[in-house]
Amino acid sequence: MADRITAGRTVLAATVGPDGTPTASGCHQPVGEVSEIVAVATLPALRRRGLARRVTSHLVEHARATGVRTVFLSASDDAVARVYESVGFRRIATALIAEPPTEG
């Protein structure tokens, strides 16, 4: 991850508490004029305080400021999608994930 950040292939953003401990974080991974926001997470005890929204907004602002024209992400459920919609994202598709069958 450190090499990706140093090379500019991953941009990390975080919120921190008064003691300097990270409370929420996320990344965007630019490739030319496109970037995907990934790994947005908030400490469980601090959820529902707007931290993920703040991190996501900052990542979008950074991407736009550095020449990215298209920013996309995937939401794991409707509650997460609502957070992203509050930042300005809109739903355009449904993603499906293929996994190997579980052994019964």
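Start your tour at the second largest pocket, which holds about 620 Å³ of space. A pocket here is an open set of points, on a 1 Å grid over the protein atoms alone, where a 1.4 Å probe fits and protein lies on both sides within 12 Å along at least five of seven lines. The volume is the space filled by probe spheres set on the points, which are joined across faces, edges and corners. This is a predicted model, so local features need pLDDT of at least 70 and side-chain atom pairs count only at pLDDT 80 or more, while totals for chains, interfaces and linings use all residues. Residues are numbered from 1 along each chain as its sequence is written, and side-chain values use heavy atoms, with hydrogens and water left out.

**The second largest pocket**

Select Ala-52, Ala-79, Val-80, Val-83 and Tyr-84: among the 24 lining residues, these lie nearest the centre of the second largest pocket. Lining residues have an atom within 4 Å of a point. Now colour by element; helices (H or I, at least four residues) and strands (E, at least two) are DSSP runs numbered from the N terminus. E3 gives the most to this lining, seven residues, and E3, H2 and H3 each supply at least two. By class, the lining has 14 nonpolar, four polar and six charged residues. Ala, Val, Leu, Ile, Met, Phe, Trp, Tyr, Cys and Pro count as nonpolar, Asp, Glu, Lys and Arg as charged, and the others, Gly among them, as polar.

**Helix H2**

Next, select H2. Its end C-alpha atoms are 21 Å apart, which agrees with the 21 Å that its 15 residues should span at 1.5 Å a residue; the expected span is 1.5 Å times one less than the number of residues. Show the side chains of Leu-51, Ala-52, Val-55, Thr-56, Leu-59, Val-60 and Ala-63, the buried residues of H2. Buried means under 20% relative accessible area, exposed over 50%, and partly exposed in between (1.4 Å probe, protein chains only). These buried residues pack against strand E1 (11-16), E2, E3, E4 and H3. Just after H2, stop at Gly-67, which takes a positive phi of about 100°.

**The largest pocket**

Move on to the largest pocket, with about 800 Å³ of space. Of its 24 lining residues, Leu-73, Ser-74, Arg-90, Arg-91 and Ile-92 are the closest to the centre. H2, E4 and H3 each give two or more residues to the lining, and H3 has the largest share, with five. The lining divides into 13 nonpolar, five polar and six charged residues.

**Salt bridges**

How many salt bridges does a search of the whole structure find? There are three, each a side-chain nitrogen of Lys or Arg within 4 Å of a carboxyl oxygen of Asp or Glu.

Arg-91 lies in the segment after helix H3 (78-87) and Asp-78 in helix H3, so the pair ties together parts 13 residues apart in sequence. Shared partners join Asp-78, Glu-85 and Arg-91 into one network.

Finally, select Glu-33 and Arg-69, which form a salt bridge with the closest N and O atoms 3.7 Å apart. This pair links distant parts of the chain, 36 residues apart. Glu-33 is partly exposed at 46% relative accessibility, whereas Arg-69 is exposed at 59%.

Notes. Contact = heavy atoms within 4.5 Å.
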